[in-house]
Structure formats: structure tokens, C-alpha cells
Amino acid sequence: MELRLANTNDTEAIKKLWAYSFESYEPYFSWYFNTIYRPEQTLCAFEDGELSASLQMIPYQLFLRGRCLSTTYIV
């Protein structure tokens with residue numbers, strides 16, 4: 001198994017996997033991939049050269065006890 005960050009060439013395979021796993025309701029699907037998704041924030045798992053899993057690490061500002069903390073959440 002190969003683990004690596006995605007690149008722009010992986011985007012279509014990631015979209016296909018997402019649609020298979022979570023469905024692709026519009027307009028959310030297009031909005032997510034046009035607005036939120038970034039290849040450089042996506043970890044991919046490949047088996048025999050085929051994408052088998054992806055994990056997006058989305059930057060997020062968490063407000064906790066009067067403080068703003070920079071973190072990520074996982075999709």
C-alpha cells in the first residue's frame with residue numbers, strides 16, 4: 001500500500017470514490033470540491049496503483065474558552 005498526499009492528477013479518482021462512498025448530492029458535491037477540497041490537504045491510500053481511500057484535513061478555527069486555536073478536522 002502506498003500512502004501519499006494527493007496531487008491534481010488524483011482529483012477525479014477522489015471525486016469518484018467520494019461519490020461512491022457518500023453519494024454526490026448537488027449542489028453540495030460541486031461546492032465542496034470547488035471551495036473546500038485541496039489536493040495538498042488530502043492523504044491518499046493506493047493499492048496496486050488504484051485509489052482505495054482518501055482523507056481530507058481541512059483547516060479550521062476552533063474557538064475555545066475565549067481563545068482561537070488553529071486546527072484541522074478530518075473528512
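T11 sits in helix 1 (helices are DSSP runs of H or I with at least four residues, strands are E runs with at least two, both numbered from the N terminus). This is a predicted model: local features need pLDDT of at least 70, side-chain atom pairs count only at pLDDT 80 or more, and totals for chains, interfaces and linings use all residues. Residues are numbered from 1 along each chain as its sequence is written, and side-chain values use heavy atoms, without hydrogens and water.

T11 counts as buried because its relative accessibility is 13% (buried is under 20% relative accessible area, exposed over 50%, partly exposed in between; 1.4 Å probe, protein chains only).

Contacts here are heavy atoms within 4.5 Å. Residues up to four places away in sequence are not counted for T11 or for L51.

| Residue | Contacts |
|---|---|
| T11 | Y37, P39 |
| L51 | A13, I14, L17, C44, A45, F46 |

L51 also belongs to the largest nonpolar core, which has 11 residues, W18 and F33 among them. Helix 2 (28-36) is one of the elements that supply at least two core residues each. The largest share of this core, 3 residues, comes from helix 2. Such a core joins buried Ala, Val, Leu, Ile, Met, Phe, Trp, Tyr and Cys residues through side-chain atoms within 4.5 Å.

The lining of the largest pocket includes L51, along with D10 and K16. Helix 1 gives the largest share of this lining, 3 residues. A pocket is an open set of points on a 1 Å grid over the protein atoms alone, where a 1.4 Å probe fits, with protein on both sides within 12 Å along at least five of seven lines; lining residues have an atom within 4 Å of a point.
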